[in-house]
Amino acid sequence: GRFVRGRCSLLRAPFNTAHRTDRSVEKHIAKSMSALFGWLASLFSYESEGSLGNDLVDQCGSHLEELRLRIDRAEAAGCDGDALEFFRSRLEELEEEVGKDLSITVCHAMSGSVVCTTRLRPTDRVACLRDAVLQELGDTGVALRFVLQANALDNFMTLSQAGIADGDIVSLIQMPLRCCTTSFDGTFASMAPIDRCGPVLAAMVSPDCRTLLTVSSHGEARTWCASTGRKLCELSGHVIFGEFSRHNHFVVGIVEDGSARVWCAETGACKRTLYGHADDVKAAAISPDSQLVVTASSDGIGCLWEVATGRRTTTLVGHSDAVKYAAFSSSGDFVATASADATARVWRVATGECLQVFKSHAMGLSMAAFSPDESKLMTASMDGMVQLWRFADGECMLTLLADNNVVNSVMFSPDGLSILVASASQCVRLFSAESGDCIMSFAGHDDWARAAAFSPNGEMVASASYDGTVRLWGVATGECVRVLSGHTDWVRAVAFSSDGALVSSASYDGTAKLWCTSTGQCLQTLTGHSEKAAGSNGLSP
């Protein structure tokens, strides 16, 4: 709107001056101006309605060409030179604005192979990318979704609104739309897939090791008896993430409407809804004493809330972009936040004061975590680096480069002396937190490692891989002591129970499994979720 109004007022200005021009020629110019104004108005009208057709592009070119010709005729008729120069300068601005094209490359999200490269205008919809892909691939019977820097793009957004710039690479995710069946009775049927519970996003064991919590991508969060596999309850609402409180009384997490919630772990009933953020909540964590919840939001702030009342006690303001992650220190006295602005911050819980800003990464952060003694902070970024910082003065002590520049998971050892990194390779690596040297490589998977975790005593590491297995490793020797086989698809996440006796895993095969650490036996297979499971798998403290 500002573009249209600004250009219109500038282009009309010469007619309001004392210039004396040939009125008939001036009338022709005014007519051309009117046509151009109409095109601009229709452009923004189409944008608001969610459709931008190629006919507007053609209209744009014809209107500009007509205006160019009329200015030439006005000059030949002897119109005032200053007025014509004014029109020419505005015409150049419009031509430059309209002529901006973006070169966009679409790649498969999984393989990275290039699907196509297309040129579109900033005002075109994301849906135009779909048209370009369909032209290249044909009708493949799948739904097409696009992702830019880990953000799923709405098809109705303009490329400008989606943050797509010239030369950007956009990832393509293909999802099945329909399935076909044939029968010996001679019939053929095409049908939509069955609506299932969706991928398992989390599987975590309660602190008392009696209950397992699973969360599916369709928003169903359930608790199960760890010894029998019996379903205990289902959390209310469309749940995206959840974790147990230390005392096993509550589950804290986030829901699809963008808010954080506190549920009763026994019944699944919602006890508190934490409203107050101006945008979606991206992460939530509960304090070690189960008294406070910290939330991180796309509105660029973090908040502290009382569990008992749901009252917001502190607002953590300082980040300049979305806050992606938040975590308490082991004492509960400090909170760390990680943001898309490529910085991490540490805050004092009692006052909300920002104590340190950690800035060195080239891209947005995915997580931040305190060392067990709270003397260090570890950050992981989309730039493929893990950095270790001294809390006292904010100095970067170490920078670790993940294999193939992808950090899948990272965590401190229980003693804080080493850092475990799973990245885009078949090896999980253990680094010294003092020197940054790689002191152990756990090699044996046939495909990339997706996640890795320490046992509570630090003597064992569990890794989950796209090869469909979970492996247990001895930290002292680096040898694989057990291979946990049973999943039929990629294993995305793994975690130990608080006593180290159990390991939980989540897989793309639609199941979560519970394993005995000492024997490798599968104790429970939870099949209440879809046949395609994906996500993260973590354990409560």
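Reader: What average pLDDT does the protein have, and what share of the residues score at least 70?
Author: The model is predicted, and confidence is reported residue by residue. The average pLDDT is 80, and the share of residues that score at least 70 is 75%.

Reader: What is the order of strands in the open sheet of four strands, and which are its edge strands?
Author: The pairing in this open sheet is antiparallel, and the order is 24-25-26-27. An edge strand pairs on one side only, which is the case for strand 24 and strand 27 (396-401).

Reader: What does the twist average from one strand to the next in that sheet, and over how many bridges do strand 24 and strand 25 pair?
Author: From each strand to the next, the average twist is 15°. Within the sheet, Leu365 stands opposite Ser381 of strand 25. Strand 24 and strand 25 pair in the antiparallel sense, and the number of bridges is five.

Reader: Why does Ser371 count as buried, and which residues is it in contact with, leaving aside neighbours within four places in sequence?
Author: Ser371 lies in the loop between strand 24 (365-370) and strand 25 (376-381). Because a residue under 20% relative accessible area is buried, Ser371 counts as buried at 2% relative accessibility. Leaving aside neighbours within four places in sequence, its contacts are Lys376 and Phe412.

Reader: What is the bridge partner of Phe241 in strand 13, and which residue takes a positive phi in the hairpin of strand 12 and strand 13?
Author: Strand 12 (residues 239-244) pairs with strand 13 (residues 250-255) in the antiparallel sense over five bridges. Phe241 has Ile254 as its bridge partner in strand 13. Five residues lie between the strands of this hairpin, and the residue with a positive phi near 70° is Asn248.

Key. Residues are numbered from 1 along each chain as its sequence is written. This is a predicted model: local features need pLDDT of at least 70, side-chain atom pairs count only at pLDDT 80 or more; totals for chains, interfaces and linings use all residues. Side-chain values use heavy atoms; hydrogens and water are left out. Two strands pair if DSSP finds at least two bridges between them. Helices (H or I, at least four residues) and strands (E, at least two) are DSSP runs, numbered from the N terminus. pLDDT is the predictor's confidence in each residue, from 0 to 100. Buried means under 20% relative accessible area, exposed over 50%, partly exposed in between (1.4 Å probe, protein chains only). Contact means heavy atoms within 4.5 Å. Axes are lines fitted to C-alpha atoms, for helices over the stretch in contact, and angles run from 0 to 180 degrees between N-to-C directions.
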